[in-house]
Every structure is written in structure tokens, then in C-alpha cells.
Amino acid sequence: MLYANVFDIKKFSIYDGPGIRTTIFFKGCSLNCKWCQNPEGHSAKIELYYDKNKCINCNSCLTVCSIGKINKSISSRFSNEIKCLNDCSKCYDVCPSGAIYEIGKCYEVDELVRITLEDLEFYKTSVGGVTLSGGEPLLQIDFIEKFLKKLKKYKVNTIIETAGFVEWDNFYKIINYTDIFYFDLKILNKYEHISYTGQSNELILNNLLKLSREKSEVVIRIPLIPEITDTDENLINIIDFIKNNKLGKYDIELLPYNELAKEKYKKVGINCKSINKYFDRKMKAQTREILLERKKLFIKKGLKVRILSLE
Amino acid sequence: MDRRIEYLKKILLANSHHKYRLDEFDGTILNKDTENLPPNVRKALAFKKAVEEMPIYIQEEELIIGGRTIFNLPKYHTREEIKESKFSNNNIYDPIFNNVYNESIDEIGDHVSDTNPPNYGKIIKNGLQWYWDFANERLNEDNLETDQANYYKSVKIVIEGVQSHIRRYVELIDKKIKEEKLLENRERELAKIRKDINYIIINPPKTFFQAVQLIYFIHTLLWVEGVCLVSLARLDQILWPLYEKDLKKGIMTEDMALEIIECFIIKLNHEVDRPNSRFTWLKGDTGQAVTIGGTKEGNMNKSGENDLTFIILKAIEELGPIDPHLHVRIMKNSDKKVWNMIIKLLSLGRANILLNYDDNIEKALEKVKIYSGQDIANYTGVGCWEQIIAGKSSYRQCGTIELLRPLEWLLYKGHNAIDKDPKRNPIIDNKYTGINLGSLDKYKTFEEFMDAYKTELRYYILMVVSNIIKTRLAYNPFISTFVDDCLDAGKDIKDGGAKYKETDLQASSLANIADSLYAIKKLVFEEKESTLKDLAKILKDNFCGYENLRQKIINKLPKYGNGFKEVDDIAKEVAEFFAGELTRYTNGWGGPFRARITGGQSYVDNIKLIGATPDGRKIGDYTSFNASPQLGCDKEGPTGIIRTVSNIDKLKFAGGFILDLKFSKDLFSTQENKEKFKNLIKTYFKLGNIQLQFTVVNSKTLREAQKHPELYKDLTVRVWGFSAYFVELPKEYQDHVIRRTELGV
């Protein structure tokens, strides 16, 4: 049986493509972007999280903890420094308040199809559908292939949001069941790309070029991260790349920086020490004026561009 | 917004009209001659005296004039009537079985008609004098019965009253022009108003302005009669012929019509703080409902949206008033412009809008089996959410079935968990309890338990229904004049003169009962984590010492409002059982009971009389309102909520079925999102639903408003079925709005 690890299913999702959609967030990513807005999507494993605000200090978790040694207080057990070694999930099972919760849940194909079809009527009225996001959805390619094929039986519009760092074969397998690809373009400079995401961008750029030969419906998405991707130099590089490779036929979306991720990192605690420091810089969301200026850069070169959540 | 309207809005918010009010109107019509007159004639005389003597005023810049300044009629009940009423306790309020809140009662406790609008179309067509002449003619007939004669006498008296009331305004203008130093413009304006109102004393209005002014006079005098929650019916249809005529003749422009409508709406807002309710209730709960859109009057196959529909919408956009309650009739083929305008108003945070979906509501009304097809097409929204036929219905909205209460009776052998009413007297009497069905050990399956719950619920409905049937109604000579069948038959609506006599009963806390019953199913019958007996004890102790269990219920069990089939089916079973039970009864006039799923005041106030519940709610916690999920439990977003409520057959709820959806203002930031929002609503109605209302506000804004009320004076929010100024709500109602907006999209 084929399972996928999914960390969130968001209904009435309105920023991930046309119409009313359900967005499925697949867990596990091949990049390690330091500004990542969905840190819970990093690891492909099911993880335990702890929300201090919900804890009622009933100590149920301590009585069942397999490690047993770390029993001073629940918050120290889940602090950055101490990582649970066992992943036995016993504490999650007994926690009554939901303070300890699991990120990630396994679904079979049919179950996920059933859940996404619950909103079929809404997709129909609004010409919406299902968006696969993550993490990197294309990592779980076998599952996704089957899943998309089934959705297509119901004529559901499908979108994949990808960072592009997967074998071309993974694209190829689902290209006929995917209506639109939302393709992230982050940093054009190879070395900077490595230092901020952990990987070179060659595979990504190649995939985008190959995709452009096969697929008419691609949206290029550029996350605007202050001082990292949102620099004049990088944006001009991106524009040149788009022009030089005749990608100007595609819509381009600029994704403003979202401060909400900071809050997420506070809750996560695990595995993101290195990332955290980027948020300590007190990065601010771009103002409307700045966003419109960025937009101008693209318009000057005759590109179709819009700012997500602003227009 | 022009300068006049800005000024009128400013003085409205400053309550400038309050200084004309008389809190106690002394006077009596009783003397040796009148004491022996029949009660409806006496009431008509009292009405006439009131409108002839109450203070009248015209404020600077006002175009529409008039207004209620008194809140009681002169004495007209005889000593015998008052004495006798002390022995009949039919109308004594009790919080469980006879909890008709909003109804207006008179001096001897009799219920005055509420909610029913007059047939304004007919009034505009015929004019006031026609009613007097009609009654006079009937009085000359030979074979008239005494009751009919008394009715027609009362019609003549009340019409004379209205006429002399308007005449007083003519005189007031004369006086103003003579004695005050008015600006030339204003003097000309007043002279024109004088001419117009002088004309409508006798004649049917021949201009748009005259019609609006006449409607306002009658509306405001209905308040004086003691009617509460009185609606205005389908204004865009009623006023259309004269609007069109004036425009064609070139004596009015669209802008002038907008100004008149805005002046009218501001006048409606004069009444928002004094509903004629038997309890002082929340500001804004006035039932001043204006219906727009829907089928064209007289032509069922045509959509009736017209320029006036948009003028009314535009006025709401500009004024941001709390009244009128705007009932918007929309349908599959509604004009795109209407949708766009509604979305615009919602994005501005206008909270007084209720959407009624004709295609489904009309089917629900058909199922009541009393209305003619023509009348159904012409239905009007009244009160907070109800639909009736203007000028033909004598509707009553009666009481609340608190769905959690029968569960309490079941768990505590027929007793209430809380036997003291913390706020009001009298204390809930112990004799007022449910059925003692005996020990809880005997229920082996959830189905058996559910059957027992239904037994308690059936008993509860029977008790409330029998109290409603027993309530005594007051004579209503003024409103009865303008109800078609009353006038034809010579019968007050008290005596059943109206063609339709429908009564609604609402059931509240649907989400909480579904969550509670599901928790019992899961914890007691499936996981066997607790016995019914233990659970009853835990609830009685308000979960004391069982916080873990309570947390588990709240956080780990699925809840109503997320499209979770098992819980949704319980809600469906309870709601439809309630509706089915009501079809077994007729009210005191032989009319039907209609079921409604709404919350009214129950979710904050009445709920204090319910103990802890199995859904994890502790004593004193709020419940959900209307058919919405419990606060904080709608984790799946709007499509989940919609799936949950769509599971219930709305055609069984001709009285109404209200869902509230909440959104943050950010949703409306882009055109694309607005389109998505519209499609969400369209799907909601496609799935068989009938009504929808909204809260569009950010909880952050509300918290700011709590801190700095002076900066948010005109911020309006949806309460249960009307809009109110947020900063003027009691704190607990403010908190409820905040908590309900926290999970908004």
C-alpha cells in the first residue's frame, strides 16, 4: 500500500491558484532554505511538536515517557537542546489538551482523494481544484502519480507547487495529470543558492527549461526574502534568465515576505537552530510601495507579473 | 454623502432626538362614557389620543419628519380587566417554558402583535381616507355583527388619529416658518414638505417623497401602538412605481431619491434603542427589516431588482447604519450587479445584511402548505430572519427551545442542573422540570439513549407549545387596519382576521447538542471511558477534578462544523426531529408552527441557566449561536462548516435556518478573492441552504475597539440577527463576537 506523509490539508485555500482549492502540504523537502516559511515541511518524518500555551501541566506525558530520564519538565523535553530519541509517540497519545501534537500524518491514496473530493461542489462552482504543495511534493512521486490520476477522473483542476530540485523523471511522470506548475525561482547565483538552500540551482534551472518545452501552463513564483532573494541584483538576474530563455510567456508571481513564519519557528523549536538566526534579524514584510517598485522591474521588461495577496 | 446627510448622521449618533421623548406619557381615555366601550375601540381611542398629544418635532435639515416620542399609550384598560389579569398567569415569563422575549406586552400582560408589516402597497395605492371611507361604508351595512362594527369603528378612530397627527406637523411647519428665522432655502424646503404631507392626509401619495413620508408616519405610529419588531416589507418593489413616475416626469433625480432614502434610514435609526420588548433588550434588536430584490411584484417569473434596490444598497454603503435589517432576496439568476454590491458592502464591514436564497426558501414555504404561489413569490423578510407575507400574515415568533435542556433532564432524572436564575426573578421553580425517566444504567446503546433524549425533547416542545397556545393576545386596531383580510372581514388579527397565522419556534445550541451527544456516544458507549452515571456526576460538579477528560473532549473529539459525518448526522437527527414535532401542532388560531434554527439571545444569556455540558462547556461558558459551530471548533474553514449544515434538510425550516460565516477583511483585498468568496456563497446555496449572514471584521480591530471605544463609535457588528454598534454592546456580547472572529479566514 502506498502512503504519503502530509503535514497539512487546507480547505478553502485561496492563494494557491484559481478558484476555491484544497492545498495539500507534503512533508519532506530536498532543499533547506534558510528562510523557509513552512519549517514543519522540512523533515520527511512524522515529528512531535509542543505548544506551551496549550499545556495544562497535567504531567500525563511524563508518566509515560520511554526515555524517562528527561523528566524535569515537559517544556525542557521539547526545548531546542534536548531532542526526543525514541519517537514512540506515547506522550502524544496521552496528552489531553493537544499541547503535544504530531506534525505529519500518513494517508492512503483513496483516503486523500476522498478528503479532497469533499469540496468538489466548491471546485465546480469556482473552477477551482487541488494544489499539491509542501515541502516538496514531487519527492513522493509514486503516490502523487496515482493520486493525480484519480483526481483527473473527477475532472479536478490540479496544481503542483515545486522548488524544482528533483530528477526530471519525477516531473515527466505527472506532467499529463497536472494542469499548472507553480515553479519557484529563488536565487540565480549558483554559489549563493548553495549557501542559502544547501543545493546548487543547476538541476532546478534545467528542469524549468525542460518543463517550458513540454508545458504551456507554468507560473514562475519568486519569494521575496529581504536581503536574500529580494535584492536588485538577484531580481535582475532572474529577469534576464526569463528573457534569455523565452520564459516571458509565463505568468510571474511575486510572493511578499510573510512575518507569520517567525511565530511558527517559536513553536517548532526542533532542528532549526541555524534557521532561527535569520529571523532574529527582525525581517519585515515589504511595504506596498516597495512591492510595487519590484513589480515595475518586471513590467519594464515586458513581463506579466503580479504580487500575490495584493492584487 | 451630501452635507445634509452628514449632519443628520452626526446628530443621530449624538442622540439629539432623545430630548423630545417623554418617558412616561400620562393620560387616560377612561371616563363614564368610554368605560363601557369594547376593548378594541378603547385601544383605538387611546391610540388616537396618544398621536394627537405626543410631542412632535422637526430637526434642522430633516427631509423625512415624524418620530416616536412616547413609549406607552394612555390608560384604556378598565379596572376589571387589570384585576382579572392578575389572576391569569398565562403571560408570566419563565425562562424555560414561556420564554417569549421579544414580544411586546401591554398593561395587562396581553401580547401585542409583533413583526407584521402593513400592506404598504395598498396604502400607497389608496391613501388614508380610503380606509376611513371603507370602514364607514361597512358600518352602514345592515347585517353587520357587533364585533365587526366595533372593528370598523376602531379603524375610523385610528385613521382619524393618524390624520390629525400629520395635520399637527402641518401646523408645526406653519409655526416654524412664521416664528423662526429660517434660511431661505430651508423655508422653501419646509413649505414643500408642508404641501406634501398636507396632501397625504387624505389622498394617496402621488410622488416618491410623499410615499416615503407616509410610510414613515405609519411605521413610527405602529411603534406607538406598542407593536415591536415591526418590519417595512419590500420597499424597492412598493416604492418603484412612484419612483419611476417621478423620474420620468423629471421632478426627481436619482440623487434626490438617494437623499430621501438616506433621510428615511436615519429616521429608522431613531428607534434602535427602544424596542417595545418586554425586557429592555440590546440596542438594534428592532426588527426594522427592509427587504430588497426577489421576484417582481405581480410577475412571478421576473427578477424584481430595480434602480431602487441599488439606491437602498448605496445608502447602506454610505451610512453604515445599524438599521434597517437588510434582507436581500437573491436567486440563481440574480443580477451580477447585486452580487457585486453585496460583496462590496460586506468588505466594508456592513453587518446588517442577511441573504435569503429564493429558490430554496420558496420551496420551504410551499412545504408549510398554507400559502398561495403568488404570495410565496411576494414573501418579505421580517424580524431578524423570518419570512412572511406582508399585509396578509399575523405572524408570531414565540420562544426558544434550548436543545441542551432535555439532555440535562435526561442526565438528572428530570431536574435542571441550575435551579436559580442568576439574573432574574423568579427562581426557576422545581416543578418546572422534565420527565424522570429513571436510572441511567438501563441504556445499553447510544440509540436507546438518543430515543430517551427525544422523549425529553418532545415533552419540552409540548410544554412550550401549550404555553404559546394559552397566551392571550391584545387588540391591535392600528396594524389590523392595514392587514387585507382583517379589513375585509372586519376582524382584528387577535381574533384571527389575517389570512395566514403562522408561529415560529426557534431551537438553539444545535452545535453544542450535537457535540455533546457525540461525546456521550464516543466516551460512554464506544470507548467506555466513563459511565453515564459518572459523567452526569462530573458535569454536575462542573468537571471539577476532571480537567483531563474535559481537555480530551475539547481537543481530541471531532466537532460540529467540520464536515465530520458522524457528528453532523446527530445534528441532523436532532434538528429534523424538532422540526417534525412542530408539524404535529397548530397554534391557538389554527395556524401552523414553523421550525427555525437560530440562537436569539440564548447563547450568552439563557445559557447561564444550563449547567456544564458533555461537549466540554463549563457553567457560564457561551454556546454557539444560530446554526454556527461552537466557538473555536471550526477548524476546517468555511467549506467544512458549509458541508456540516448542508447535511440538514432546510426545506423543513420555513421559519429560518441561519448560518454565520466570518471572514477577516483581508479576504476582500483582491478582485480574485472577491470572486472566490462569491462562489463560496453560491455553492452554499446550491447545496440546498436558505439563509446566510456574515461577520466581516478583524478580531484585532475589535480588541482595539474594546480598549478605545471612543475611536470606534460607528463600528457595527452582527449580533444574533441584527447589527449593533460594537462599543455599545455589553462586554459579554463583545467577547462573543471577538471569540467568534478569531479563526476567521
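Modeller: Start with E311(A). Leaving aside residues up to four places away in sequence, E311(A) touches R306(A) and T670(B). Touching, or being in contact, means that the C-beta atoms of two residues, placed from the backbone, lie within 7 Å. This is a predicted model, so local features need pLDDT of at least 70 and side-chain atom pairs count only at pLDDT 80 or more, while totals for chains, interfaces and linings use all residues. Residues are numbered from 1 along each chain as its sequence is written, and chains are lettered from A and ligands numbered from 1 in the order in which they are written.

E311(A) sits in the segment after β11 (305-307) of chain A. Strands here are DSSP runs of E with at least two residues; helices are runs of H or I with at least four, and both are numbered from the N terminus. The scale is simple: 20 or more other C-beta atoms within 10 Å make a residue buried, 12 or fewer make it exposed, and anything in between is partly exposed, with C-beta atoms placed from the backbone. D16(A) is 295 residues away along the chain, yet the C-alpha atoms of E311(A) and D16(A) are separated by 14 Å.

Now step back to the whole of chain A. It has 311 residues, and 40% of them count as buried. It holds 13 helices and 11 strands. Take the contacts in chain A between residues at least 6 apart in sequence: 73% of these join residues at least 24 apart.

Next comes the meeting with chain B. Contacts link 19 residues of chain A to 24 residues of chain B. On the chain A side, β1 (3-13) and α5 (120-126) are the elements that give two or more residues. The largest share, four residues, belongs to α5(A). Sorted by class, this side has seven nonpolar, seven polar and five charged residues. Nonpolar covers Ala, Val, Leu, Ile, Met, Phe, Trp, Tyr, Cys and Pro; charged covers Asp, Glu, Lys and Arg; the others, Gly among them, are polar.

Nine strands of chain A form an open sheet in the order β5-β1-β2-β6-β7-β8-β9-β10-β11, with mixed pairing. Two strands pair if DSSP finds at least two bridges between them. The edges are β5 (105-108) and β11 of chain A, and each pairs on one side only. Neighbouring strands are turned by 30° against each other on average, direction ignored. A4(A) stands opposite Y107(A) in β5(A).

A helix lies over this part. Axes are lines fitted to C-alpha atoms, for helices over the stretch in contact, and angles run from 0 to 180 degrees between N-to-C directions.

Two backbone details sit around β6(A). V127(A) lies in the loop between α5 and β6 of chain A. Its phi is near 55°, a positive value in a residue other than glycine. V127(A) counts as partly exposed because it has 13 C-beta neighbours inside 10 Å. The peptide bond from G134(A) to G135(A) is cis, with omega near 20°. G135(A) belongs to the loop between β6 and α6 (141-153) of chain A. Most residues other than glycine have a negative phi, and most peptide bonds are trans.

A cis bond joins D323(B) and P324(B), with omega about 0°. P324(B) lies in the loop between α12 (307-319) and β6 (325-330) of chain B. E61(B) is not a glycine, yet has a positive phi of about 75°. E61(B) is in the loop between α2 (39-53) and α3 (79-87) of chain B.

End with one helix of chain B. α27 (731-741) has among its buried residues Y733(B), V737(B) and I738(B). Their cover includes β13 (656-663), β14 (691-696), α26 (699-707) and β15 (716-718) of chain B.
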